[in-house]
Amino acid sequence: MLELRDVNSFYGKAHILQDLSFSVGRGEVVALLGRNGAGKSTTMKSIIQIVRPRTGSVTLAGRELVGQPSYRVARAGIGYVPEDRRIFTALTVLENLEVGRQPRRDGAPVWTVDALFELFPNLYERRNRLGKAMSGGEQQMLTIARTLMGNPSLLLLDEPSEGIAPVIVEQMAHAILRLKAQGLTVMISEQNLHFARVVADRAIIIESGAKKFDGSFEELAAKPEIRDAYLAV
Amino acid sequence: MGFFIAQLLTGLANAAALFLVASGLSLIFGVTRIVNFAHGSFYMLGAYVGITLMGVLPGVLGPYLGFWGAIVLTGLIVGLAGALVEIVVLRPIYRAPELFQLVATFGVILVIQDLALMVWGAEDQMGPRAPGLRGVFRIFGEPIPKYDIVLICITPFILLALWALIAKTRLGVLVRAATQDREMVAALGVNQRWLFTGVFALGSALAGWGGALQLPKGGADLLMDFNIIGPLFVVTVIGGMGSLPGAFIAAVLISVLNVFGVAYLPQSTLVLMFVVMAIVLIVRPYGLLGKEEVAGEHGQSGAPETPIRPFGRRGRLAVAGLLLVMALLPLVTQPFALVLLTDIVIFALFAASLQFILGTGGLVSFGHAAFYGGGAYAAALMVTYAKTPMEIAFLFAPLGAGMLALVIGWFCIRLSGVYFAMLTLAFSQLVWSLVFQWRAVTRGDDGLIDIWPSAWLSGTVPYYYFTLVVGVLGILFLRTVIHAPFGYALRAGRDSARQAEAMGIDVKRVQYVAFALAGALAGLAGGLFVFAKGSVFPTELEIGKSFDALIVVFLGGVKTLSGGIVGATFMAAVEDWLTRLHYWRLLLGLLIIAVVILAPEGIVGSARRLGLRLGLVKHTEAD
């Protein structure tokens with residue numbers, strides 16, 4: 001449903017994504033792997049159009065996204081969860097969810113505040129707390145829940161396990177598997193190979209903004225040289 | 001007792017309009033991060049539109065519905081005007097540096113001023129009385145206008161309504177979210193363009209309502225826009241940017257203070273509110289209910305700065321050639337041309353000093369005229385009261401202005417960004433009101449006269465040479481500072497304060513010194529000015545003067561010292577011709593807006609880019 005073709009993105013003069021191409025099928029959970037600075041976050045941002053690719057195309061169900069404002073991309077059904085969480089610290093949990101609320105979409109799971117509280121019970125207890133009064137793990141749950149309020153058909157998760165206690169990472173993995181069971185398509189960027197293997201069907205490895213591997217985790221396990229060259233294990 | 005309560009009630013009634021206008025400014029700033037200098041213009045527009053509607057509607061709808069309907073409708077019309085300004089002027093420049101946005105809103109002020117002049121004429125207009133509220137209530141024997149009581153009663157409801165809008169509605173949630181992180185709000189599917197337009201329209205409507213509501217107590221005139229900027233910024237700074245209850249408390253505080261000031265200290269009404277502001281800021285740097293600003297973390301990003309380099313050999317030769325021509329000019333030109341050239345050199349020095357603090361220091365000072373006029377007054381006061389000879393009195397211009405900058409800088413440097421800009425503006429208004437109202441010393445708007453240079457410098461030609469030498473030395477001094485380690489430290493602090501501090505640079509201290517330096521050089525220009533004209537008036541300290549310099553620096557190009565100089569020359573030459581036209585403000589305003597949108601690098605920057613493209617300028621030799 002998502003397809004990137006020869007995407008080139010820049011920060012000023014720095015050429016970050018170099019002819020990056022891959023696709024994500026409906027209902028798939030794909031892990032985008034690579035070292036720090038490999039271009040994982042830029043790939044995500046180039047999909048949601050916070051970073052505008054200079055050339056190439058990004059399509060969702062055949063619809064071109066390059067050049068669209070971010071809010072249109074979001075309304076087309078892409079939910080973006082940024083790496084640094086970016087929750088609204090001066091807003092309560094409920095208000096944060098309200099910002100993310102969008103009308104329901106055909107062919108995508110429908111979310112309500114109650115359903116999200118069931119998925120992340122911690123948030124229910126904290127529902128009237130300000131965003132800044134929450135722990136890192138709770139903020140991470142909130143940012144995912146906030147994005148789900150937009151009823152996306154494709155979820156982009158940028159390093160959800162980063163800097164979070166192992167117990168919470170486990171909860172997160174369960175949540176992602178539940179989302180998958182509901183038929184949501186997920187693309188997740190990770191440095192944590194173990195976590196990626198638990199939740200994802202397929203791995204894409206990038207290095208210096210170019211694709212180095214695209215295949216199942218079994219294939220990846222059969223090629224330790226790739227893992228050693230491009231992943232910090 | 002009765003008198004005391006009467007004063008209090010008058011102050012509370014006056015607070016209504018001020019609060020409405022201030023809350024609009026606060027709201028707009030919170031979401032768009034733009035300090036809308038044209039906000040006072042929407043207040044003025046509200047007053048004029050209100051008068052017109054109050055003349056028409058009561059005939060159609062009857063006196064009561066006509067009057068109150070006119071007020072409601074005024075806000076809606078002014079809100080629409082605000083939306084138009086947002087769409088046309090601000091939308092293209094949300095990602096531009098702060099200064100560009102501020103200058104663009106200043107362009108809007110000029111345009112609205114002339115449009116108001118065209119439509120409503122230059123005469124001040126009296127506001128109509130509110131129907132059924134013409135008389136007074138007797139409270140403790142003191143007469144209180146009925147309309148005042150009505151205003152006092154409705155203001156809390158306006159506060160409540162605004163608070164509910166912000167705290168309880170989806171719009172309010174989105175507004176608060178966008179205040180923190182616009183990019184993320186967009187990534188969540190919110191069309192922030194319309195959110196911005198809506199907020200700007202609402203903020204403008206509030207200003208319009210403020211203008212219309214005060215009509216029965218006052219009226220409409222063409223100075224309303226500038227006159228409210230001082231109190232408006234004071235209220236916003238005292239209350240805390242972005243805080244509605246803060247704006248309310250501060251509006252009440254300032255209005256009540258003003259009324260008592262008029263009653264007990266009539267000589268110091270203007271100064272009083274700035275003194276209160278200064279006290280509040282010492283205790284709470286971000287205002288009573290404000291929070292520390294961490295602006296620019298997400299969402300706003302300007303283009304990376306290209307490092308500036310000193311002129312190469314070719315550039316230096318050109319400057320030397322130009323100076324030679326200027327030195328030889330008295331041999332061939334008329335005295336009038338020399339007077340104009342003297343003005344240009346003075347203006348160029350003033351603009352260069354502002355460019356230094358603004359471009360190199362990254363500190364957007366909106367009150368630079370305080371130091372220019374302050375320097376002029378320092379020298380003039382010495383001549384007037386101590387009969388100091390010109391040579392010594394002249395030195396007091398940079399000295400006095402530098403000391404003034406040390407005092408003002410002590411308050412301002414602690415803050416940054418828009419707080420800094422508003423604070424410098426408020427302080428310059430303080431200096432202006434001090435000079436304007438302290439007639440015993442400064443002679444108020446009669447000005448200080450008979451301030452002439454010594455015999456050896458009197459006459460157009462000697463003074464022209466004097467100005468040329470002092471002006472060029474001043475500019476060269478600034479250039480040396482910019483390219484010295486101190487200048488590097490200043491730029492480091494501008495580009496990344498945290499990183500600079502991690503490298504051991506005391507950023508605030510460097511900025512403080514630079515601010516004082518810029519003030520001293522502005523004072524030097526002021527000193528040149530006062531002896532050139534033989535007199536000085538409070539106009540040299542006005543907001544308009546600060547804006548002149550800002551516009552000049554902006555037109556020339558913010559990034560290079562030469563920008564200020566080229567801009568000043570361009571402006572001085574064009575102004576002479578432009579001000580002869582009837583609606584020159586309109587033209588200038590449109591020109592400014594066009595430059596902001598189309599050629600944001602200014603004259604020097606655009607010329608340089610053109611030169612690069614045509615191969616006339618090499619990268620290494622530029623600047």
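## A tour from the cavity to the A–B interface

Start at strand β6(A), which gives three residues, the largest share, to the lining of the largest cavity. Strands here are DSSP runs of E, at least two residues, and helices are runs of H or I, at least four, both numbered from the N terminus. Before you click further: this is a predicted model, where local features need pLDDT of at least 70 and side-chain atom pairs count only at pLDDT 80 or more, while totals for chains, interfaces and linings use all residues. Residues are numbered from 1 along each chain as its sequence is written, chains are lettered from A in the order in which they are written, and side-chain values use heavy atoms, leaving out hydrogens and water.

Stop 1: Select A74(A), I78(A), G79(A), T147(A) and G150(A), the closest to the cavity's centre of the 15 residues that line it. A cavity is a set of points on a 1 Å grid over the protein atoms alone where a 1.4 Å probe fits but cannot get out, and lining residues have an atom within 4 Å of a point. The volume is about 80 Å³, taken as the space filled by probe spheres set on the points, which are joined across faces, edges and corners. Now color α2 (70-75) and β6 (78-81) of chain A, the elements that give two or more residues to the lining. By class, the lining has six nonpolar, seven polar and two charged residues; Ala, Val, Leu, Ile, Met, Phe, Trp, Tyr, Cys and Pro count as nonpolar, Asp, Glu, Lys and Arg as charged, and the others, Gly among them, as polar.

**Stop 2: a bridge inside chain A.** Pick R202(A) and D214(A), whose side chains meet in a salt bridge (2.7 Å, N to O). R202(A) sits in β9 and D214(A) in β10, 12 residues apart. The rule wants a side-chain nitrogen of Lys or Arg within 4 Å of a carboxyl oxygen of Asp or Glu.

**Stop 3: across to chain B.** Show 18 residues from chain B and 23 from chain A, in contact through heavy atoms within 4.5 Å. Together the chains bury about 1,900 Å², 57% of it on carbon and sulfur atoms; buried area is the accessible area (1.4 Å probe) lost on being put together, summed over both parts. R170(B), M184(B) and L188(B) supply 32% of what chain B buries here, more than any other three residues. Zoom in on R170(B): its side chain meets that of E98(A) in a salt bridge (2.9 Å, N to O). Finish on α6(B), which gives six residues, the largest share of chain B's side.

Note on methods: Buried area = accessible area lost by both parts, 1.4 Å probe. 1 Å grid on protein atoms, 1.4 Å probe; cavity = no way out; pocket = protein on both sides within 12 Å on 5 of 7 lines; lining within 4 Å.
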